[in-house]
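Hi,

Here is the structure I promised to pass on. Have a look at it first, and my notes on two of its interfaces follow below.

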Amino acid sequence: MEVEVPGGSEAVGGTDTGSESSFKVSQVEIEDVEENLKNAEAIFEHLEQLPFQVFILSEFGKPIFVNNDRNEGEVVSLAALICAFVSRCQSWGDSLMTMTSQDNHIQFLHKSPLIFCVVSKYPEQLDQQLEVLFEQICSILSKSQLENVYKKKGDNYDLRKLLRGTDRLIDSSISSWRASPINLVDSSISAIPMNPSDREFLSTTMASSLGAAKLDGALFGIMIARRQIAAIVRFKKYVIHPRDLNILINLVSDTTLQTDSQNWVPICLPRFNDTGFFYAYISYPWCKTDQEDIPACLVLLSVKRDHFDGLKEVRQQIVTKLEGNAKFFTNFSQAVKTPNLYQISQIGSNSESLWSFLYLNHSSKQVCMSSSKIPLITRAERWIARCEMRRSSSLSTRHPHLRTLFVRGTRHCLFVWVTDLFSLYCIFGPFVTATIAFQVVEKLLKSLKSHEQRYFIINTTSF
Amino acid sequence: MAARNAGGAARPGGPNRTCQFKLVLLGESAVGKSSLVLRFVKGQFHEYQESTIGAAFLTQTVCLDDATIKFEIWDTAGQERYHSLAPMYYRGAQAAIVVYDITNQESFQKAKNWVKELQRQASPNIVMALAGNKADVANKRTVEYEEANAYAEDNALLFMETSAKTSMNVNDIFMAIAKKLPIGPAQGEPTGTVDMNQPQQQQKGSCCK
Amino acid sequence: MESIANPLYFFSNLSLNPPSCSNVVRFIDVLEFFFVAHPLSGRKEGEEHKRVMYFHPKGEQLERQSEITGFAEAVVNFTENFLSTSHRDISEKLTESDDGFDFRTVTTQRTEHVYIRTEDDQFMLGVSISKQLSHVSDYPLFQPAIRSILSDAYKMFRMFFGTFSSFINFRTVPDDIPKFKERLDFFFSKYIPLLKVHKMPLLDHLGGVEFLRMSGPLYLNVVSLITELREEFPIIEKVMFLYQDKLLYYQLSKRDLPSLFRYLTHNLLPTTLAPELEHSGRNASKGRYLRGPTDLTTDVPLLGDESLSVVHLHSEQEAEFQDELVGYQMMVYRCLNATVCMFVRNSASFTNGDSDRRNSGESLNVSQSSSIRSSPPQNGVVSRRLLRNVDQFLETELAQVASKIGDEVGDEKLTDATDFHYIYFNPSSLSMTSSLSTSPSLSVAASGSASTSKVPLPPVDVNRLVCDTMSNFVSDTEEFGECFVKSSSDWWIVIKKVNSRLLVLILPPSSYTSSLADVQSKTATIVRSHFEAIFFS
């Protein structure tokens, strides 16, 4: 089937996919009063337990971070064991990757001088998640500083001294794994749905303000809300990698970050340059003010540490211009406060059988996920849908030659379509036929294409 | 600096001038810098305030006699890894509050180091205050008032024990700093030192534009 | 201890070296190590190496053997830290009566390890497969299959020699350990090098048995023959009836079926029948025992080379019961391509290999005196006279039935070449057929063709995709399910589950099956033409 591929053809750098919070807003929480799915309860239970237990330690066995409540003694001995396992494999000229038992998967990652370990019931893409954690730590210290610190201070050095205060960043990174249906692995961006003209206005405003400031070293301007991107502008041809954007999103989505202050945060973006630091000007211009509460965050990135004042001016200009355009501002605050995700009903007739989809454009690395729709409304139901998608995404990663997958189950059907240009994951009702599924999918792609400016960032403005 | 209101000196701009000062908070991690700022700027206090990441910038305006003083406050993160960034904040600052926790002797030692550093590296005219925070848990005190006070006197620092939780002395310390800040000389008057590395900073000693 | 009565005599070199285009791989070609360990034996500091009961490759340094087994033990202990309470309960309930043993897997950059724990977790068997060697051999590493292969190896040993615990029990004299090691060595040194695994690992994982489909009346003939046999000779407790290399009928515990079937079709029959096939026709119609004495005319006790082998089988047929293993003497009678295996319970006073616990009414881990085990085979319950009588009975009866079967089989085009590959499996009967399975030398010679499909074998990544899709999207617990997968090489995979019966179709690239709808209709056609009876009966 010939399709026009929605979502752009150029990589733009991106964030992880829409998170829990975007769902919370756009649908009605229905109490699962009665039975529902038998599994749902069990799964719900799992959700309450810790789905990912993470250990970070130095390669000399000293614990650095754990996210579960074990007492100190237990942690120390577990860390020592982890270190011993990793070393033993190393002594065999090999490198330890996983251990599994009946229902638990333990993933290891050794990135000198650190060792990462995660225990989970969900085996998908644990290795990538650990890589993300490593990059998270690099973002705080920079890779070169991380590597040097043990050389300078010895094997016994307690890295926690340097990482003080960042536990919550690592925690929130871990929590986002559960919320995201296709993990950050896919390094994808998710755009806040906006009127094309609004996004255009936002981008040009940001770009022109940054351009006019002539700050040599200011490279990126990003408007983030709800872990999604409203707009991104860049200096000339510089690009920011989705993984780095993830790290930024993780930082600014941390709700405890002072929203009433402007923040100036040194941050290393490992995919851009793992030895040096950017300085991120972070502000929430309309957050919890007297008039508004728009959870949008403006991030301006520069490599020069003395650009704060300059960027403060830029921000002021941007804010003034945006507020000056009443129509834009109303739309924008609406779009951010109650994100209007793609409604499946937009596809048209016969689309009732489609319950949920996730579309990923490989070239532009952007994701579009449908808004919740009956019967996938409650947390537990959405979790099941997410699990299916994760499992298929994982299968697709292990088998890059996979093109089509259609699974008919008793509760729903899963339809996955992978091409070189895009991947599409769909959950249909259990009675759908292949023919209908294809028809709906075809219409969906056409619809996405025609609305692509709304759901994707097609052009990133440069300054 | 009480000469400010001394009669005779003509002040440009007339009454109700607005002055801006850059003020930086320094001190070990978890002594309560952010809490002090939050109390001063928003009148709020959070029991479990999270660690600052990087530095936060806020402003607060106060009225003093016939002048309006706007503080541009840099609340810095106290962690070790940010130490090398500190000069970025205190250079060009007209005021600094070095904070320690009265229940933590080590934080007091660290505060002394900060004072030394400021004395060496910051502007010689910088107004410095020492704040012994968490005065509300005086029963767990390990740093005596007298000890800190003596140290402050020896080093020409303003000193108050504060509590961001109860708001004790929070406004006071900022006001005390405000009183000590030079509001007066006309623009353009040459000042003692100009930091050539910070072309964008405001001229030392003169605040009003 | 290598005597002709010992079943392992027949684990000899008479196996095929699989050509590279075949559908099997020699296990030893991808294996890095294999071990049997008894952790309790290695508890003392400085004596950790004592936990190693068997290790392959033999030449491996003791220190490394100790490291490897120690690592495995540590993995087990470490993972215990992460069982949630509810799962702790489940794992405690996991017994050998379930399909699988408690297991762990370890993946490294270069290898995959699988460890299983048997007999109340007292023993551990482990294996390491090299990713590189697997890649070279086009063998798709599928952990569940490796686990099954490992379990099967354990079960095979247990069938011939009894449980591990019967050798090692701290209530007994420690001398048993050398004996245990010797037995392990004797068995695995032959078993491992000869072991072949399927390039479609799902076949090894499902572990089914190939049945011969027969018409109703003929089937009833077989059933009544067996019934009469057992009425006539009540001492016979269990029976298996095979024709060529396929199973027709059995009366024994399903749990023993796969091991026995494999032993018969992969080892006993091929090795004992090779001569027969070479000189086909001669004495083909005369029934004979494949093992045991050649001269039945006397009443001399069966000793030494003339003894029947003893296998350890589950005494009850119901899976619910926690039952013990009991020794049975095995009589294998053959006539006109039909093979009847009869099992007679061995008594405690006469033993061959491991003893029978049933008579004494004791449980599995009863203490054994080493003298019993090491004594030369004695006469079991089965006497020459019994053999004679059974021979007389079966000679005519079996010949009749066998020839009727032969006629029916000859008529049907059993090896109808298909333009697709398939796997069919019925978990309740264990019946499995596939175009991708090995054909023991028996049917190769008989039918002249090793493959029932005229389609080339699926590429290794398709095989891998089949397995991965199965384990991810076809639930073990659901009775129904359907899955269609396409790879970029245009192979289609269809997995259908109806009433818990499993059908896997692997369709090569073709212009008739390019879209999902095409494949769905093609599947329906195939099911109607080839699998209707199986699926919906």
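Between domain 1 of chain C and domain 3 of chain C, two residue pairs are found in polar contact, both at pLDDT 80 or more. Keep in mind as you read that this is a predicted model. Salt bridges between these two domains number zero.

For orientation, chain C splits into domain 1 (7–206), domain 2 (216–413) and domain 3 (416–530). Domain 1 of chain C brings 16 residues to the contact, and domain 3 of chain C brings 21 residues. Together domain 1 and domain 3 of chain C bury about 1,500 Å², with 77% of that area on carbon and sulfur atoms. On the domain 1 side, Met200(C), Leu203(C) and Leu206(C) account for 39% of the area buried against domain 3, more than any other three residues. Helix α6 (residues 201–206) of chain C gives the most to that side of domain 1, with four residues. Sorted by class, the side of domain 1 of chain C that touches domain 3 holds eleven nonpolar, three polar and two charged residues.

Now to the second interface, the one between chains.

Chain B and chain A bury about 2,200 Å² between them, and 55% of this lies on carbon and sulfur atoms. The contact draws 26 residues from chain B and 27 residues from chain A. Of the area that chain B buries against chain A, 31% comes from Ile53(B), Phe57(B) and Arg81(B), more than from any other three residues.

How many salt bridges join chain B and chain A? The count is one. A salt bridge links the side chains of Glu50(B) and Arg168(A), at 3.5 Å from N to O. Six residue pairs are in polar contact across the interface of chain B and chain A, both residues at pLDDT 80 or more.

As for secondary structure, α1 (33–42), β2 (55–64), β3 (67–76) and α2 (86–90) of chain B each put at least two residues into the side that touches chain A. Of the elements of chain B, β2(B) gives the most to that side, with four residues. By class, the residues of chain B on this side are eleven nonpolar, nine polar and six charged.

One last item concerns chain A. An unreviewed UniProt entry lists residues 354–452 of chain A as "domain: FUZ/MON1/HPS1 third Longin". Over residues 354–452, chain A is 38% helix and 32% strand, and the end C-alpha atoms lie 20 Å apart.

Best wishes

How values were computed. Residues numbered from 1 in each chain as written. Chains lettered and ligands numbered in written order. Predicted model: local features only at pLDDT ≥ 70, side-chain atom pairs only at ≥ 80, totals over all residues. Heavy atoms only, no water. Domains from an automatic or database assignment. Contact = heavy atoms within 4.5 Å. Buried area = accessible area lost by both parts, 1.4 Å probe. Salt bridge = Lys/Arg side-chain N within 4 Å of Asp/Glu carboxyl O. Polar contact = N/O pair within 3.5 Å; in protein donor to acceptor, adjacent residues only side chain to side chain. Nonpolar A, V, L, I, M, F, W, Y, C, P; charged D, E, K, R; others polar. UniProt positions renumbered as here; feature names shortened; annotations may be inferred.
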